[in-house]
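Please look over the sequence and the structure before reading on.

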Amino acid sequence: MPDFIADLPKVELHLHIEGTLEPELVFSLAKRNGITLNYLDESALRAAYEFDDLQSFLNIYYLGMQVLLTEQDFYDLTWSYLSRCHAENVRHVEIFFDPQAHLERKVAMKCMVLGIHRALEQAQKQWGISSCLILSFLRHLSEASAFDTLRLAEPFRHYFSGVGLDSAEKDNPPSKFSRVFKAAKEQGYRLVAHAGEEGPAEYIWQALDVLNVERIDHGVAAINDAPLMARLAKERIPLTVCPLSNLKLKVIQQMSELPIAQFLDAGVCVTINSDDPAYFGGYMNANYQALQEAINLSKADILRLALNGVEACWLDEAEKMVLT
Ligand code: HPA
Ligand code: ZN
């Protein structure tokens with residue numbers, strides 16, 4: 001089974017590029033940028049990767065990314081993730097970045113975008129890995145801050161395929177961003193949002209009906225809402241589920257609780273992704289593998305999950321054919 005998973009061409013649709021920052025890269029970028037870290041070494045930092053919930057992870061996630069300052073830093077970060085994709089036979093990626101978290105440190109939008117884009121372009125040329133870039137708003141910040149970010153992105157509009165919504169879900173409902181998502185839609189962005197990770201199924205309804213997103217990131221809370229399950233299945237609205245993330249952030253207590261088999265049986269377009277692999281203990285193959293072992297997925301189930309990824313991605317039909 002590990003070979004079957006490793007050899008399978010895969011698509012990744014839920015990945016925060018800042019969440020691929022491995023402790024080794026944190027330390028080398030800190031050194032290059034003259035930043036002193038509060039951790040003695042890589043293993044001390046890695047030892048801090050024990051989380052109780054989403055917020056305890058976000059605290060360390062925002063801390064780690066402070067070493068990212070220059071265009072080269074964003075390039076190196078993205079290139080290191082894409083090298084991993086190449087090694088794991090991930091053929092297409094749709095990746096998030098969190099501009100507000102870097103603007104706070106006076107890093108220019110241009111610097112983030114050009115650094116990430118240069119790596120994406122090189123991976124396409126060198127390895128044939130295709131990609132989309134998704135600008136994600138931080139939902140713990142204000143609507144005004146999200147609007148500022150959308151405005152700052154305007155000169156770089158052609159680098160982005162869509163906008164997303166991430167960070168602390170509790171008490172930050174999708175409806176807080178209805179006007180920003182409407183404005184983004186008018187600028188031709190495709191729309192996705194994290195919903196139903198720690199938040200209720202109600203937030204998934206809001207993401208669909210108020211924000212008008214076409215894909216839900218996480219969405220595992222849908223399992224408790226039969227009418228929502230029926231809607232997701234009927235409209236083939238994709239869920240980008242992240243097994244190791246859900247386990248590490250205690251959304252589930254054991255991998256066997258993850259309702260992937262139920263989603264598949266119900267006809268929901270569920271996909272497997274790695275979210276923040278440097279923090280959660282594994283990239284794409286590790287996510288498929290941990291899930292397979294926990295719920296005894298068959299090869300046919302795994303193939304279905306990978307094909308759902310192709311169906312859910314933003315390539316055109318001809319490009320999708322190449323992946324299957
Ligand atoms: N959820 C919310 N915000 C995030 C995540 C996540 O899984 N990863 C990075 N930011
Ligand atoms: Zn995420």
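Does His16 count as buried or exposed? His16 counts as buried because it has 26 C-beta neighbours inside 10 Å, where buried means 20 or more other C-beta atoms, placed from the backbone, within 10 Å of its own, exposed means 12 or fewer, and partly exposed lies in between. This is a predicted model, in which local features need pLDDT of at least 70 and side-chain atom pairs count only at pLDDT 80 or more, while totals for chains, interfaces and linings use all residues. Residues are numbered from 1 along each chain as its sequence is written, and chains are lettered from A and ligands numbered from 1 in the order in which they are written.

**Annotated positions**
- The UniProt annotation "binding site", from an unreviewed entry, covers His14, His16, His194 and Asp275. They span 262 residues in sequence, yet no two of their C-alpha atoms are more than 11.7 Å apart, so they gather at one spot.
- UniProt positions follow the numbering used here, with shortened feature names, and annotations may be inferred rather than shown by experiment.

**Two histidines**
- His16 is found in strand β1, strands being DSSP runs of E of at least two residues and helices runs of H or I of at least four, numbered from the N terminus.
- Not counting residues up to four places away in sequence, His16 touches Phe96, Asp98, Asp166, Asp275 and Asp276, contact meaning C-beta atoms, placed from the backbone, within 7 Å.
- His14 also has its place in strand β1, and His14 counts as buried with 31 C-beta neighbours inside 10 Å.

**Helix α16**
- In α16, the buried residues include Ile302, Leu305 and Val310.
- The buried residues of α16 pack against elements including β1 (10-16).
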